[in-house]
Structures are given as C-alpha cells and as structure tokens.
Amino acid sequence: MSSSTLPVPTSPAPAAAASVPLTKKALTADHPTWCPGCGDFAVLAAFYRVLEKLNYPHEKIVTFAGIGCSSRFPYFVNTHGGHFIHGRALPFSAGISLGRDDLHVFVFGGDGDGFSIGGNHLVHTARKNVRLTYVIMDNFVYGLTKKQTSPTSPLGFKTKTDPTGAIDRPINPMRTLLNSGATFVARSHATQVNHMIEMMTRAARHDGFSVVEINSECVEFYPGAFDAANPRKGGTWTVIEEKKHDGTPEDAARHDVTDEVAAYRLALQPWPGCYGVFYENKQQPTKNALEAGLIARARERTKQASDLALLQATFARMR
Ligand SMILES: Cc1ncc(C[n+]2csc(CCOP(=O)(O)OP(=O)(O)O)c2C)c(N)n1
Ligand code: SF4
C-alpha cells in the first residue's frame, strides 16, 4: 500500500510557547572548545537565536549529536541532550522523537558522522519521516581526527588518508537528502548568520524530518573551503528565490519548494550552487503520526485497557 492510501492520523504538534521567555543566558552551557575561528561557533550562535525565537518550553528541547568537532554541540547548549556514538545519533534521536512526541528534537553532526558512518541511518530516518531537525555542519573534512578525507571532500583534496589527493567522487548532500526522502531540505553557510537562523527556524517548524546542511569552515584543516560562496572572500552568495504564487510574470522563474524535480535541478548545479530551501513536502505523514494512529486503533480494539493490563494479557497468552 502506498503511503498516500494510508489514513493520515494527526498527532499533536509539539508544545505551546514557554511561559518564561528563553534567553541565550539560560541556553548557554559550557564554553565551546572549538579552535578560534571555527565556523561551528557561528552555527551555535545562530541556534541560540533560533531557540529564543521559537520560545519552546525549555524542558521540551532536546539536542543530540554523534561524534566529531561539530558533534560536541550538545555540551554547549543547556537543554536535555546527549553525545552518542559515531553515526548513530539519528536512530537514537528518532527513538526519542517517537517515544516523546511532545519534545522538540534537534540533532547536530558533521559530514563524516552524517554521510559516512551514519549514512545508512540518515537514509532510513529520512524515508520514515521521523519528526526531528537535523543540522549537518559540513566542513568537507574530518576535523576532530585531524584531517582525513570525508565523504564531501572534493576530488584532489590532500589529506592524511589521501596524501596525493582524494580520488573518490564526493557525495552531493542535497541530492542525497532528497533521494533519501527528507521532507524539508535546506542549505546555508556559517558566514550568513541571518540566513542560518531563517533556515533552522523553518526546519524546526516543519512537521517531519527536516535537514539543514551548513557549510561550516574548519579553519585548522580546510581553511577557505567555502570562500567560493562568501562575498567577503571574493565568492558569490546566491540565494534561492522562492515562488510567491502572486501571479506576476517574474514569479514563473522562481523556485517552487514543493517541486521535487526542481529541487534536484538545483542540487545538480555546479559548486557552490545556491543556498536556501530546496524542498518542502507537507503532504507526507510523519512516522510519529502514523504510529500514534496505530496505537489509537489498538487502544480502541482493546477498549482503552491500561498498559499494565495489556502486558498481563500478552503474558497470559504466552503461558
Ligand atoms: C566507530 C568510530 N570510528 C571512527 C571514529 C573516529 N572518529 C571520531 S570523529 C571522526 C570524524 C568526524 O568527522 P565529521 O563528522 O566530519 O566531524 P568534524 O569533526 O569534522 O566536525 C572519526 C573518524 C570513532 N570515534 N568511532
Ligand atoms: S579542528 Fe576544525 S572543525 Fe574542529 S574545532 Fe578546529 S576548526 Fe573546528
């Protein structure tokens, strides 16, 4: 049965606004230990602003990560959260999201954590459309382990694992995310703070699996990686112009974020391409909602019996 023929139960959108406004002070935990100038500082600063703006109840926010420099994020944000083994942050976070639909789950990681060791988990969390927001701080290199080739390193990039230059074709993050079934796919750049805030805020408000890839420079092991998209370094910052559906002739040329084929066309543009929301699909039910529907139907069939009574009945059948 295709997902379009499944009943689409609704599950409650997580949380109302906080009674006490969230502040950066309340959200700040440890002092970041990144190298001075690392792009990840800007992502963290933008994330504090996103949380202030969204103003979710403090106790309803979860920040989670795998392993890597970028994955140290949860140490620096004062929310529930954790640092999980390399590449496995997504299945763990998916469990949190599915088990506690009232929480706002944010997951952070690097290109290695997400597209390499965690690549399989990325595909499956995306296709299941688990409700959470995943921020991939892509620096085109393994930073924490001091410069190995990552799945997004460009051809010819010299590292400790490829001293004569990378020979494997890099992953195209946007194409990979679209192909995996992510229902919100966006891209930003760590030098563009307002743009990062906008992308992460929209991702957090999306009801489904939302991903923002942020080009975040590793000043230690890949300085200048994203200069081609930085006007202050002579590059070109091209932002996607989204369709406004205002009936004007110029609107015809604008990007329709609901058009998956158009999103692929943007993803296939030559590097550095453009930044913004590539794709947003609001039609696909979340796994959270589908599971809630299954549970509600099971409860109906069992006449609202308690969890304990159901467990006892199951054990009784097994005797
Ligand atoms: C199973 C396992 N394999 C390898 C490692 C070593 N390791 C730690 S971080 C890392 C790469 C991190 O790169 P990335 O995800 O791009 O994050 P960055 O440090 O660049 O932010 C590797 C290979 C590990 N910790 N666990
Ligand atoms: S090694 Fe690179 S990614 Fe890691 S903290 Fe330093 S600059 Fe940032």
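Helices (H or I, at least four residues) and strands (E, at least two) are DSSP runs, numbered from the N terminus. The model is predicted, so local features need pLDDT of at least 70 and side-chain atom pairs count only at pLDDT 80 or more, while totals for chains, interfaces and linings use all residues. Residues are numbered from 1 along each chain as its sequence is written, ligands are numbered from 1 in the order in which they are written, and side-chain values use heavy atoms, with hydrogens and water left out.

**View 1. Aspartate 138 in strand E4.** Strand E4 spans residues 132-138 and contains aspartate 138. This residue is buried, that is, under 20% relative accessible area (1.4 Å probe, protein chains only). Aspartate 138 has no salt bridge, a term for a side-chain nitrogen of Lys or Arg within 4 Å of a carboxyl oxygen of Asp or Glu. The nearest side chain of opposite charge, arginine 187, is 7.1 Å away; here Lys and Arg count as positive and Asp and Glu as negative, whereas His and the chain ends are not counted.

**View 2. The shell around ligand 1.** Ligand 1 is surrounded by 16 residues, each with a heavy atom within 4 Å of the ligand. Helix H4 (111-117) and strand E5 (141-142) each supply at least two residues of this shell, and H4 gives the most, with 4 residues.

**View 3. Oxygen atoms of ligand 1.** A polar side-chain atom of asparagine 139 lies 2.9 Å from an oxygen atom of ligand 1. For cysteine 69, a polar backbone atom is 2.7 Å from a ligand oxygen atom.

Methods: Buried < 20%, exposed > 50% of the residue type's maximum accessible area, 1.4 Å probe, protein only. Polar contact = N/O pair within 3.5 Å; in protein donor to acceptor, adjacent residues only side chain to side chain.
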